[in-house]
Amino acid sequence: MGRLAETEGLTDIQEEILKTVRQFVDEKVIPVAQELEHADEYPTEIVEGLKELGIFGLMIPEEYGGLGESLLTYALCVEEIARGWMSVSGVINTHFIVAYMLMQHGTEEQKQKYLPRMATGEVRGAFSMSEPGLGSDVSAVSTKATKLEDGSYSITGQKMWLTNGGSSTLVAVLTKTDEGAESVYKNMTTFLVEKTPGFGETAQGVTVPGKIDKMGYKGIDTTEMIFEGHQISADQILGGTPGKGFFQMMDGVEVGRVNVAARACGLAIRGFELGIAYSQQRQTFGKKIAEHQAILFRLAEMGTKVEVSHNMMVRAARLKDTGKRMDVEAGMAKMVASEYANEVVEDSFRIHGGYGYSKEYEIERLMREVKFMLIGEGTSDIQKMIIGRSLLKDYKS
Ligand SMILES: Cc1cc2nc3c(=O)[nH]c(=O)nc-3n(C[C@H](O)[C@H](O)[C@H](O)COP(=O)(O)OP(=O)(O)OC[C@H]3O[C@@H](n4cnc5c(N)ncnc54)[C@H](O)[C@@H]3O)c2cc1C
C-alpha cells in the first residue's frame with residue numbers, strides 16, 4: 001500500500017494479526033472476489049478461512065474463547081477485508097455488533113450461552129432494527145412483543161434489510177413492548193431470537209422469505225424476516241430487563257459506525273490502488289495518463305482522502321477503546337469515510353475510461369459496492385444530525 005493508511009503505535013500482536021489478514025485477503029479473497037460477486041455466490045470457503053483465523057472472535061474476551069482484541073484491531077482487519085471484497089466484511093459486521101451488544105449488555109448467563117460459540121463462528125449473529133416502513137427513524141418500530149400470562153412473549157411484525165438474515169442463527173431483534181413509559185424509547189426491547197440458517201420457516205413463527213436482489217454487496221444474504229406469533233422466553237431479552245432495547249441498539253450501532261467507516265476506508269484504498277496502477281499503464285497523446293496533470297491531481301486528491309478517512313476512523317476506534325465518549329467522532333468518521341470512498345472510487349472509475357464500465361475490471365464492482373457505505377449504519381444526513389446536535393450541546397452559549 002506504500003505510505004498511505006499506515007497506523008502508528010500498533011503493538012507487535014496487532015501488526016502480526018494485520019499481516020496475516022492482509023496475506024489472507026491477497027491470496028484468498030481478491031483472486032475470487034470478481035467471480036463470486038458476479039455470480040452472487042456466498043463466499044463459503046472465505047468464511048471458513050476467517051473462522052480459522054479467529055476473526056469471528058476477534059473482540060470477544062479471552063474468558064469466552066475469543067482473542068480479546070480492541071476495536072482498533074477489529075476495525076483495521078475490517079479495512080483489510082473490505083479492500084479485498086466489501087461483502088466479506090459484511091459477513092462479520094452484524095456478527096460483531098451482536099457479540100458487542102452481548103458483551104456490553106448481556107446477562108452473565110447469556111454471555112456464557114452465546115459468546116464462546118460466537119467466537120468460533122458456530123453461532124452467527126444478525127441484528128434487526130429496520131422495517132419496511134422505517135430505517136433512520138428507529139422510534140417508529142412497530143414489530144410488537146406482547147407479554148403472555150406465563151411471562152413469555154409473542155412477537156409479531158415484519159423486519160427488513162437483515163444483513164446475514166439467512167445465514168445467521170442468532171438475531172438481535174428490536175421490538176416495541178408495553179412498559180408503560182411515556183417515552184417511546186423506553187418502550188422498546190431487544191430479543192435474542194434463535195433460528196436455523198437458511199430460508200423459509202427458520203424457527204416457530206419466524207419466516208425468512210429469501211434474498212433481496214441488490215445492486216451490489218452481493219454474495220452475502222440480505223433478507224426480510226416475518227414474525228407471526230413467535231413465542232420466546234423472557235430469558236431471551238438482552239440484559240434480562242425489558243425497555244432498554246433502543247439504548248442497547250444505539251450502542252451497537254455506534255461501534256457499527258466505526259466498522260462501516262473501516263469498510264469505506266478499505267474500498268477507498270482499493271479504488272486508489274487500482275486507479276494509480278491503471279494510470280501508469282494507459283497511454284494517451286504519447287504519454288502515460290498519470291503524466292497528465294489532471295490525472296496527477298486526481299490521484300493526489302484520492303490519496304489525501306484515503307489518508308484523512310483512515311486517520312479519522314483510527315481516532316474514533318481508539319477513543320472507544322479508551323472508554324471515552326465518541327458519538328461525534330464515530331459519526332464524523334462514518335460520514336467522511338463513506339463520502340470520500342464514494343468520491344475516490346468514482347475518480348478511479350473515471351481514470352479507467354471506458355474499461356471502468358466493463359465487468360472485467362474490478363472498479364465496476366467497487367462502483368456498485370461503495371454506494372451502500374452512504375446508507376448503512378445511518379445515512380450522512382443522520383450522521384450530520386447526530387454530530388450537529390452533540391456539538392450544539394458541547395458549545396452551548
Ligand atoms: C444492503 C443493506 C443492508 C442493511 N442491513 C441492515 C441490517 O443488517 N439491520 C438493519 O436493522 N438495517 C439494515 N439496513 C437498513 C439501513 O440501516 C437503512 O436503509 C438506513 O438506516 C436508511 O433507512 P431507510 O432506508 O429507511 O431510509 P429513510 O430513513 O426512509 O431515509 C430516506 C432519505 O431521507 C433522509 N432522511 C431521513 N430522515 C431524515 C432527517 N431527519 N433529516 C434529514 N434527512 C433525513 C435519509 O438520509 C435518506 O436520504 C440495511 C440496508 C441496506 C440497503
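A crossing of two helices is left-handed if the near helix is turned anticlockwise from the far one by less than a right angle, and right-handed if clockwise. With that in hand, welcome to the close-ups. The model is predicted, with local features needing pLDDT of at least 70 and side-chain atom pairs pLDDT 80 or more, while totals for chains, interfaces and linings use all residues. Residues are numbered from 1 along each chain as its sequence is written, and side-chain values use heavy atoms, leaving out hydrogens and water.

**View 1. Helix H3 passes helix H6 in a right-handed crossing.** The axes of H3 (residues 71-84) and H6 (residues 245-279) come within 7 Å and cross at roughly 40°. Axes are lines fitted to C-alpha atoms over the stretch in contact, with angles from 0 to 180 degrees between N-to-C directions; helices (H or I, at least four residues) and strands (E, at least two) are DSSP runs numbered from the N terminus. Contact (heavy atoms within 4.5 Å) involves, among others, Leu71, Tyr74 and Val78 of H3 and Val255, Ala262 and Arg270 of H6.

View 2. Look for Met215, Tyr217 and Lys244, which supply 42% of the area that domain 2 buries against domain 3.

**View 3. Lys113 and Glu194 form a salt bridge (3.5 Å, N to O).** The rule asks for a side-chain nitrogen of Lys or Arg within 4 Å of a carboxyl oxygen of Asp or Glu. Lys113 sits in helix H5 (residues 108-120) and Glu194 in strand E5 (residues 188-194), 81 residues apart.

Note on methods:
Buried area = accessible area lost by both parts, 1.4 Å probe.
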